[in-house]
Amino acid sequence: MKSIYRWLLIILVVVAAVGIWSARAPAAGSNGGGAVITGRLLDPHSEPLPKAEIRVFQGSDDEPLADALSQEDGTFALYFERPVDRPFVIEIRRHHFETVRWQPTATDLDTLQREGTLHLPDQTIPRTIGPAFWIAVAVFLGMLLLIATEKMHNTMAVLFGTSIIFMITYVGGTFMDNLFVLDFEEAMSFIDWEVIFLIMGMMIFIAVVEGTGIFQWLAYFAYRLSRGHAWLLAIILMIVTAVASAFLDNITTMLLIAPITVQIALSMGMSPLPLLIPEVLASNVGGVATLVGTPTNILIGSYANISFGAFLVELTPGVLAALIGLMIYMELVYFRDYRASRTTTSSLLLEKLAEDSQITQPGELRKAGWVGALMLLFFLFGDYFHLVPAVTAVAGATLLLVWVRPNMEDMIESVDWTTLVFFMGLFIVVGAVQEVGAISLVADLIGRLVGDNLTLAWIVVLWLAAVLSAAVDNIPFTAAMLPVAGFLSNTIPGAENQVIYFALAMGAAFGGHGTLIGSSANLVTAGIARQAGYPITYGEFLRKGFPALVITTVIAMAWIAIRF
Amino acid sequence: MQPMKPVNTIVCAVRGGKASEPTTERATALARESGARLIFLYVIDADFLGYATVGRPSVTMTQLKHMAEFILLTIRARAEEQGVPSDCAVREGKVREQIRAFVIEQSADTVVMGKPTRQAESDLFTHPEQDTFIRELEEEIGAQVILV
């Protein structure tokens, strides 16, 4: 039965994708041989304003003389079937914006009659706040609250939010125009399919890799390398976790490495927490280094068109510095535990450790290694082929599936469709908030706060992201912050170097250190620790994690200041 | 609480960690005194994986099973040091259901488990839940329950 729902979901995704591709913008209008009036509409942030209705009325006529819809670039063209010889009014109407009426001057009318064309100056249309604004904001905040308090699964929460928005738009909007929030076609345009396919491709790749036993082997190798010295083992495990998280999602990394870490700790006669907590903090740090390391980086990279190579070049040194800072901090926090641990263990336990750390699928691992290396090359140099990362991820995953020939039901099961639906729903909810102007308000607020000061801007974004990501899910937070970052990047001199986006990336990731709920990898690790009889309380994590948040964010701040 | 009936098979439900040590010590001592067969039971309840919406569940469960076996190995080693041989078993599913099913399967007459500590992160049961469970084991299955 589960299989049927999964295939239905796949069909839904494909149909939605086809629906977007087949959607065409309405024609701007037909040229009837008469006059033409052209122009461009902008929003208060000087961004193009598409899908605004422009109509021309003459006298007391109810029927428009001409009408058009503004295009994606904000431009419009009004075609008149016959020459215009009398004054007229142009009415510009769009949901969530004020209705503007513009009357031509005598000179404009004269130009139109003489030349048959008139180009209007750019029109900035002010926003308006109505019931739709408050509904969209309430839905977004409600969704965040449901996710943060775990009253609802996060995918269910976004689908709930999406449903409310559509029901109010279509049912409420029929009776009251100012209840219109976002229609289905516009909603689909907010879904970033590059993000969806990039995540899907990486999920399939990870699914093949995780079954090979490589993570467990690496943890055991770390134990042998450290010769049982816990302080050294912690450092090696942090490096392993950070590097793994740079290329694979950190939830999977912790799911695979945490159980064997527990075994190693028990064999050394110590609590697993002095190894698990440094590992999960390192995984939050390592994920920032590459485009595919965290879902937030994938969101940022796609929105701001930042390549895999750019993430690597601009952030990796900062990530390394943050990791070193984290290691020093963890060694100081846990040095007593490390000193008290055993360096030797019984042969029985060692034998069991070795048995559980085998590479179980060496052939698959070798193939995954080759495909992974190829994918890395295309991630790094794909720009030369105009190759988007999503294509690299899906093509790489497909190549691996064809080469490895795993059980397809198993592979389909490993693709987390609920997470993909979560992202789709999230894009729609954030799109609604953006559409009603709430994000613009936040952007204006921050813009007024920082003015033209680029340094202040990225510092504010970095710390806001870090602190808020500790309290709320960093994925919806980042999705909502992207238009704000975009606005700041477009308006502050010098921000073209994308420093604000990089600050957002680091802040959103390092915020995961702050609390147990700061990142899903924290929760998964805590779950495994609790299974083993070593629960990590919220307070325990806060005491260890929050200072780590401060340390790594300060280091990030220093790196960004140096680099940019 | 002293056992009221002859003890032939003891099932000790454990999870590992410091909190389980008194429970395993009590079960070991009881097995040594009575000569009963001792089985340590570990139940993997993977509900927490609801947070982990990626990865192949089968791979994750294998890792958790290895971890459970290792924990049981350390517990059995401690029992061996006290001269008490033991068996162990790992089950997957809801803790209460799996303990109940295992007790029936092994025809166990004694169950040893830990009391709730009032720390939500540590406890598998709350007090009321455990009281209900104990009644179930004692009245329906006829096993005596020793809380540590």
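Leaving aside its neighbours within four places in sequence, which residues is Lys544(A) in contact with? Some notes on that and on other spots I looked at, bearing in mind that this is a predicted model.

1. Lys544(A). The answer to the opening question is Ile277(A), Tyr329(A), Met330(A), Val333(A) and Tyr334(A), once neighbours within four places in sequence are set aside. You'll find Lys544(A) in helix α23 of chain A. Despite being a lysine, Lys544(A) counts as buried, because its relative accessibility is 14% and the cut-off for buried is under 20%.

2. Further along α23. Val554(A) also lies in this helix, which covers residues 538-563 of chain A. With a relative accessible area of 38%, Val554(A) is partly exposed. Have a look at Trp463(A) while you're there: Val554(A) and Trp463(A) are 91 residues apart in sequence, yet their C-alpha atoms sit 9.2 Å apart in space.

3. Glu540(A) pairs with Arg543(A), and their closest N and O atoms are 3.5 Å apart. The two are three residues apart in helix α23 of chain A, so about one helical turn separates them. Glu540(A) counts as buried at 18% relative accessibility, whereas Arg543(A) counts as exposed at 55%.

4. The side chains of Arg563(A) and Glu314(A) meet at 2.7 Å, N to O. Arg563(A) is partly exposed at 34% relative accessibility, while Glu314(A) is buried at 14%.

5. Salt bridges overall. Over all chains, the structure holds 19 of them.

6. Two loop residues with positive phi. As background, most residues other than glycine have a negative phi. Asn305(A) has a phi near 55°, a positive value in a residue other than glycine. Asn305(A) lies in the loop between α11 (295-304) and α12 (308-340) of chain A, and it is exposed, with a relative accessible area of 69%. Gln498(A) isn't a glycine either, and its phi is positive at about 70°. Gln498(A) belongs to the loop between α20 (474-491) and α21 (499-510) of chain A; at 22% relative accessibility, it counts as partly exposed.

7. Chain B by itself. Chain B has four helices and five strands, running β-α-β-α-β-α-β-α-β from the N terminus on. Of its 148 residues, 52% count as buried. Take the contacts in chain B between residues at least 6 apart in sequence: 74% of these join residues at least 24 apart. The accessible surface of chain B comes to about 6,800 Å², and 49% of that belongs to carbon and sulfur atoms.

8. How the two chains meet. On the chain B side, 35 residues are in contact with 44 residues of chain A. Together the chains bury about 3,200 Å² between them, with 63% of this on carbon and sulfur atoms. The count of residue pairs in polar contact between chain B and chain A is five, taking pairs with both residues at pLDDT 80 or more. In chain B, the elements giving two or more residues to the side that touches chain A are β2 (37-44) and α2 (57-81). Of these, α2(B) gives the most, with 13 residues. By class, this side of chain B has 17 nonpolar, 11 polar and seven charged residues.

9. The salt bridge across the interface. The rule finds one between chain B and chain A: the side chains of Lys352(A) and Glu69(B) meet at 2.8 Å, N to O. Glu69(B) also forms a salt bridge with Lys65(B), where the closest N and O atoms are 3.8 Å apart. Lys65(B) and Glu69(B) are four residues apart in helix α2 of chain B, so they are separated by about one helical turn. Both ends are partly exposed: Lys65(B) has a relative accessible area of 33%, and Glu69(B) is at 27%.

10. Not counting residues up to four places away in sequence, Gln531(A) touches Arg15(B), Tyr42(B), Val43(B), Ile44(B), Asp45(B), Phe48(B) and Met67(B). Gln531(A) is buried, with a relative accessible area of 9%.

Key
Residues numbered from 1 in each chain as written. Chains lettered and ligands numbered in written order. Heavy atoms only, no water. Contact = heavy atoms within 4.5 Å. Buried area = accessible area lost by both parts, 1.4 Å probe. Salt bridge = Lys/Arg side-chain N within 4 Å of Asp/Glu carboxyl O. Polar contact = N/O pair within 3.5 Å; in protein donor to acceptor, adjacent residues only side chain to side chain. Nonpolar A, V, L, I, M, F, W, Y, C, P; charged D, E, K, R; others polar. Buried < 20%, exposed > 50% of the residue type's maximum accessible area, 1.4 Å probe, protein only. Areas by Shrake-Rupley, 256 points an atom, 1.4 Å probe, with all protein chains shown as cover.
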